[in-house]
Amino acid sequence: MEKFICIHGHFYQPPRENPWLEAVELQDSAHPYHDWNERVKAECYSPNAVARLLDSEGRISGIVNNYSKISFNFGPTLLAWMKQNAPDVYHAIVDADKQSQERFSGHGSALAQCYNHMIMPLASPRDKRTQVIWGVRDFESRFGRKPEGMWLPETAVDHDTLAVLAQHGIKFTILSPHQASRVRPLGSHRWQDVNGGRVDPSRPYQVNLPSGQSIAVFFYDAPVSQAVAFERLLASGDRFASRLMDGFDDGRNWDQLVHIATDGETYGHHHRHGEMALAYALHFLEAERGIRLTNYGEFLAAHKPDHEAQIHQKTSWSCNHGIERWNSHCGCNSGGRPGWNQHWRRPLRVAMDWLRDQLAPRYAAEARKFFKDPWAARDDYISVILDRSLENMSAFFRQHALRELAEADQVNALRLLELQRHAMLMYTSCGWFFDEISGIETVQIIQYAARAIQLAKDLLGEDLEPGFLGHLGKAKSNIRDHRDGRRVYELFVKPAIVDREKVGAHYAASSLFESYPEEARIYAFTIKRQDHQLFTTGNARLAIGSIKVAFEITRNSDVVTYAVLHLGDHNLNCGVRLYQGPEAFAAMLREIKEAFDRADFPQIIRIMDRQFGESHYTLKNLFRDEQRKVLNQILVSTRDDIYNTFRLITDRYAPLLRFLADLPAPAPKALEAAVEVVLNSELRRQFESDAIDLDRVRALLVECERGNVPLDTNELAFALEGNLNRLSLQFKNQPEDLVLLQRLNSVAELARSLSFEVNLWAAQNTCYHLLHSAGPDFRARAGQGDENAQRWLQQFRSLGEQLGFRVD
């Protein structure tokens with residue numbers, strides 16, 4: 001009997017895009033990274049594409065793509081983000097599926113996933129169908145083949161969901177063993193009770209459905225999966241491989257499959273260096289006689305189910321109470337908050353269901369003006385989401401429109417479809433998973449609901465917000481200041497809502513701090529400048545103009561007029577209104593300009609109040625990334641003043657500090673703080689510099705050590721990592737540059753010498769790439785007596801040693 005092992009990783013992040021900007025904004029909680037997608041990408045998704053294999057001395061002996069040897073699924077919305085923001089990782093994942101087809105008898109390792117991680121048993125029949133269709137179509141567009149399997153969000157399952165999967169050609173899915181109720185051999189009438197996770201996970205099972213269809217189900221090995229996720233099994237690749245092999249039972253007289261399933265983020269994000277343990281275990285198992293790595297598609301093709309299983313409906317892998325974690329206060333939470341409750345989950349679910357059920361008939365009635373079948377158009381809208389080119393949109397309308405639509409009708413039709421897209425995004429499971437209604441995941445799904453409400457009001461003339469908030473207000477927060485869902489909406493959702501005036505205000509205010517071309521792109525908006533006049537006097541600046549704002553997603557556009565006054569620092573006032581014609585614009589320009597020429601700033605504010613009414617904006621209204629960028633510009637002089645003041649203090653009292661350190665005796669707290677700021681600031685500047693003064697860095701480090709000055713290790717490590725990454729990229733593009741190689745070698749040596757760890761990942765990848773691409777040519781030239789090639793090889797070997805490679 002043969003023995004097979006399959007490791008499945010469910011890689012997923014909830015959609016984090018601002019619903020109006022279609023981009024992920026700055027998230028301070030992910031610092032030092034821009035946002036949580038970027039952070040998890042750096043800690044997990046990228047490392048698994050280039051995982052390190054270590055020798056017995058802990059040096060790198062090889063780099064492998066873990067994805068090519070495991071079974072995996074990625075959330076479609078995460079892959080969409082990755083394609084744009086981390087294309088190297090995205091292509092490594094797609095390539096891994098191709099490699100796995102070669103390794104596993106033509107069966108790719110990638111599985112599809114329901115589109116935006118909606119809990120399927122709680123979804124409406126229409127949403128179930130669309131989620132599967134979108135998941136399948138998204139998969140096909142990325143991997144170039146039909147999916148054999150589909151991951152169910154949180155493995156939440158019922159018969160209707162499995163029927164939809166089977167209807168759309170899905171052959172199998174993966175469930176927890178606790179979701180199995182009873183099993184029997186095919187053709188037998190005698191059932192075996194397997195409740196409590198007692199199902200044998202070594203074979204696939206056939207689930208026969210009331211619809212007359214059937215689908216194969218794999219129940220993963222729960223104890224080993226649990227150990228990987230929560231019991232630090234990944235601390236040792238040896239132990240990981242051994243634990244997997246322990247899953248085989250010589251008493252079985254059939255081909256056995258040992259398989260586990262966990263969140264993919266376990267390998268690197270939840271457990272640091274988990275991707276290395278995975279790489280080692282895979283390498284070890286490949287070399288083990290009598291064991292074969294496989295994936296579900298290959299195993300199922302060779303081992304058709306010979307047993308039938310019945311499942312527990314409305315169950316999942318992450319809630320002991322079925323699927324109540326996404327519906328009520330069931331007791332499941334992330335822990336660490338004694339005294340908190342999740343009673344808010346039920347009214348949140350009621351609010352979302354109410355909104356969905358209000359929107360559905362209104363969408364259908366309005367969409368019938370444009371589409372032959374509004375729901376078929378929604379199912380096929382994924383083709384537009386994947387490719388928003390004018391040519392593809394035209395093809396979509398040719399297929400679904402009742403007639404040839406005028407441009408205004410096309411805009412309204414697209415806005416209706418966007419309403420439906422957001423009405424599904426608002427059901428993303430993470431909104432209910434955690435502990436508090438004001439958490440970022442829950443705020444995110446409420447923002448999707450707000451976007452749907454805004455589109456309904458614009459298109460249908462109905463304001464559904466009061467009814468929605470009536471339900472949401474019954475969801476009580478655990479935080480006193482946040483009170484309830486209505487208050488959370490006012491605090492965190494309302495300020496995020498974007499309209500044409502807010503986009504105009506962002507453009508106007510930011511135009512004082514950066515130059516825009518005639519046509520600019522701000523997130524999902526295209527801005528065409530029609531008029532822009534800038535005036536200055538002293539520190540004061542005034543900009544007046546008009547722009548055409550077009551939303552790329554739905555192609556609707558408007559022209560707005562703006563005036564923005566900046567009096568220095570954070571003192572900025574901006575007004576925006578719809579364009580009212582050339583005469584009105586000229587009159588406003590003349591009136592404000594005359595007041596500015598007199599430096600009558602109070603009068604300018606009064607004129608703007610009269611011209612723009614309540615449409616007033618400040619720096620607080622800028623989109624987060626640009627807001628931070630502008631604030632950093634404003635704060636440059638402030639930081640310099642603080643640094644220079646502290647520098648004067650530390651220079652003056654440096655001899656006293658050394659004397660106190662030698663005694664030893666404590667220095668005044670204020671003086672210690674000044675020294676800490678100055679030395680860390682100078683080190684950070686050195687680490688960020690393209691020309692690091694290594695002697696100066698060493699002197700600063702000695703000074704810190706002598707004075708027991710605490711280092712800001714996170715900030716310093718991140719700064720030096722960025723420097724190494726830039727140098728590595730330059731060297732990858734210019735491998736012949738010996739001077740550049742020497743600089744990279746020196747900075748790598750510095751990084752290895754520090755008392756804190758610096759991430760050498762990008763530099764190691766470059767070194768490994770060049771070892772195989774440029775290395776052979778340099779070795780050949782060196783063997784022929786080329787002195788430059790010999791020097792290059794000497795420096796390259798040294799770089800390899802600094803970066804932790806096994807060098808021979």
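The model is predicted: local features need pLDDT of at least 70, side-chain atom pairs count only at pLDDT 80 or more, and totals for chains, interfaces and linings use all residues. Residues are numbered from 1 along each chain as its sequence is written, and side-chain values use heavy atoms, without hydrogens and water.

**Overall fold**
- The chain contains 29 helices and 20 strands (DSSP runs of H or I with at least four residues, and of E with at least two, numbered from the N terminus).
- Its radius of gyration is 30 Å, close to the 28 Å that the globule rule gives for 808 residues, so the chain is as compact as a globular protein of that length (taken over C-alpha atoms; the rule is 2.2 Å times the number of residues to the power 0.38).
- Buried residues (under 20% relative accessible area, 1.4 Å probe, protein chains only) make up 55% of the 808 residues.

**Strand S11**
- Strand S11 (residues 214-219) is largely enclosed by the rest of the structure, because five of its six residues are buried.
- Strand S7 (residues 172-175) runs parallel to S11 and is joined to it by four bridges (pairing requires at least two DSSP bridges); isoleucine 174 stands opposite phenylalanine 218.
- Strand S10 (residues 205-208) runs antiparallel to S11, also with four bridges, and tyrosine 205 has valine 217 as its bridge partner.
- Five residues separate S10 and S11 in a hairpin, where glycine 212 in the turn has a positive phi of about 95°.

**Helix H22**
- Tyrosine 653 lies in helix H22 (residues 624-662) and is partly exposed, with a relative accessible area of 32% (partly exposed lies between buried and exposed, the latter being over 50%).
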